Amino acid sequence: MGDNTLSKKGSNGISRRGFLGRTGSIIGAVALAGHITPASAAAAAEAGAGPITDGARVAALVIGTGYGGSVAALRLAQAGVDVQMVEMGMNWDTPGPDGKIFPKVTSPDYRSFWLRTRTKAPLSNFLGFPIDKDVPKYTGILDAEDFAGITVYQGRGVGGGSLVNGGMAVTPRRANFAAVLPSVNADEMYDTYYPRANAGLGVGMVDPAWFDTADCYQFSRVGRKHAQRSGFAWTFVPDVYDWDYMKQEAAGTVTRSALAGEILYGNNHGKKSLVQTYLARARATGRVTISPLHKVTTVSPAAGGGYTVAIDQINTTGDTVATKTVTAERVFFAAGSVGTSKLLVKLKATGALPNLNGEVGRGWGENGNVMCGRANHMWDPTGKLQSTIPCSGIDNWDAGGAFAEVAPLPTGIETYASFYLSITKNPNRAEFTWNAAAGRADLTWQTAWKQPSISMARTIFDKINSKEGTIYRTDLFGGNRIWHDTLTYHPLGGAVLDRATDNYGRLHGYTGLYVIDGALIPGSASVNPFVTITALAERNIEKIIATDLP
């Protein structure tokens, strides 16, 4: 592949300022017209869909705009490298018919789901009735991607998963780190890269005194009481929400967002997604350009060095409207665990990158995610007003292999229910394989592999139910099920560090190809994973810049 050093020259004829100005004018014109519909929103999104041009030569191409990709783009740009980012989802900056960019959890519409014609909410039933509904097909913000045995929820749009998660920004306990990333120096991570990641993400903690009196966290205080009465450790959990804004929401002095049921399909205020943090800083360098509604289909070595990358530009109903071929000196795979893994498996199997090793696609896990609800007594109301931002959890990791997020049920009515998302020490791992006949990557996960997660979560909730004289809810997931065991919010692995790549994310077999996202983490982070993904990306890109750039 020759030298493949990263050049610092411009890569196309459209300036960042010119592109943003053009996009802003389009969006402003639509907004001023006062008739914002899915069709007009789509027209605005497509018209500003991205400056990357057919035939462009780029120094660094980053596939995806989630945590790892955003870190890479920022640090490369600060090192003087021009960066092109391609993002399959939209740039979420156009209001919908309600005047808001994002809808409420309880009111999903065309903006909510990625190219589905019917919603697929993680909590699919309430009081025994199904709550999913038909919606127009649209490049919405949340992808419920179905594989055999599991549905993987992923954020779609500029900012990736940071747009749709609850923002729980957890650094793993140091004692657990060796089991998460055994080839990585823990001292470096905890002394340098975790602090750097937390600072870059804007991580903060709820004010404990305010928490104890806020109506919107009554559900969490009930969770604390029940956990502690059963002898479990309960803990506050950091988050990337603006806690001062949250206090103002509760006081009624600002527009409500977390207190208005906004999170799963985006958050209009308060949430510090990557758009407000790493990506804002990256754009401010003037060296980073983002092309939304662009999907990479293949990557292969270019005759003159670097890599030929084929890209489909899509519209908001998922149709390909243009195909582009660019040459990139270096390519950073940052499409998320699933997106990166599926693409690499395809590239190896189809002969585009045949020298990728046999570890590509392996070591995939779902962070042990499992959900359940409990029916409390009438004297234990959890509150009509519930913040969509969780800020506490129950820790039984050492004794039972489970950490349970005390989650909200922001229905607007009193439910007397406690709701939980558990992260468990599930040992099962799956593999992505290429299905040539169907032209897609399949996943070998089996629903039965969730049984360890259920057993581990039971170490918490069976005991609490016994102590409190309460029962599990069976009306939340359909079919009188206690456990939602066919989903994950936290896909990890598929291109594992020091297996599919070297110890800094360089793919084996090729110079200038890197993985820099959650695909590097082998299946479990022991906690919500995005801080670890960010910190690992900070570590890896620092090494890559120091050693791979001239």
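Are Phe-419 and Phe-477 buried or exposed? Both are buried. Keep that pair in mind. I'll come back to it.

First, confidence. This is a predicted model. The protein chain averages a pLDDT of 92, and 91% of the residues score at least 70. Strand β21, residues 513–515, has the highest confidence, at 99. Helix α1, residues 16–33, has the lowest, at a mean of 31. Over residues 1–49 the pLDDT is below 50. That stretch still has 89 contacts in the model beyond near neighbours in sequence. Where pLDDT is low, predicted coordinates should not be read in detail.

Now the inside. The largest nonpolar core has 90 residues. Val-299 and Phe-333 have the most contacts inside it. Helix α13, residues 530–548, gives the largest share of this core, nine residues. Look at Phe-333. Beyond four places in sequence, its contacts include Ile-63, Val-299, Leu-343, Tyr-514 and Asp-517. There is also a second, separate core of 63 residues, with Phe-126, Ala-144, Cys-216 and Leu-259 among them.

On to the rings. The count is 23 aromatic pairs. Take Tyr-190 and Tyr-194: a tilted pair, 4.8 Å centre to centre, 50° between the planes. Both lie in helix α5, four residues apart, about one turn of the helix.

Last, charges over rings. Arg-156 lies over the face of Trp-114, 5.9 Å from the ring centre. The charged end of Lys-463 sits over the ring of Phe-232, at 5.3 Å from its centre.

Note on methods:
Residues numbered from 1 in each chain as written. Predicted model: local features only at pLDDT ≥ 70, side-chain atom pairs only at ≥ 80, totals over all residues. Heavy atoms only, no water. Core = buried A, V, L, I, M, F, W, Y, C linked by side-chain atoms within 4.5 Å. Buried < 20%, exposed > 50% of the residue type's maximum accessible area, 1.4 Å probe, protein only. Helix = DSSP H or I, 4+ residues; strand = E, 2+ residues; numbered from the N terminus. Contact = heavy atoms within 4.5 Å. pLDDT = per-residue confidence, 0-100. Phe/Tyr/Trp six-rings, centres within 6.5 Å; stacked < 30°, edge-to-face > 60°. Lys NZ or Arg CZ within 6 Å of the ring centre and 35° of its normal.
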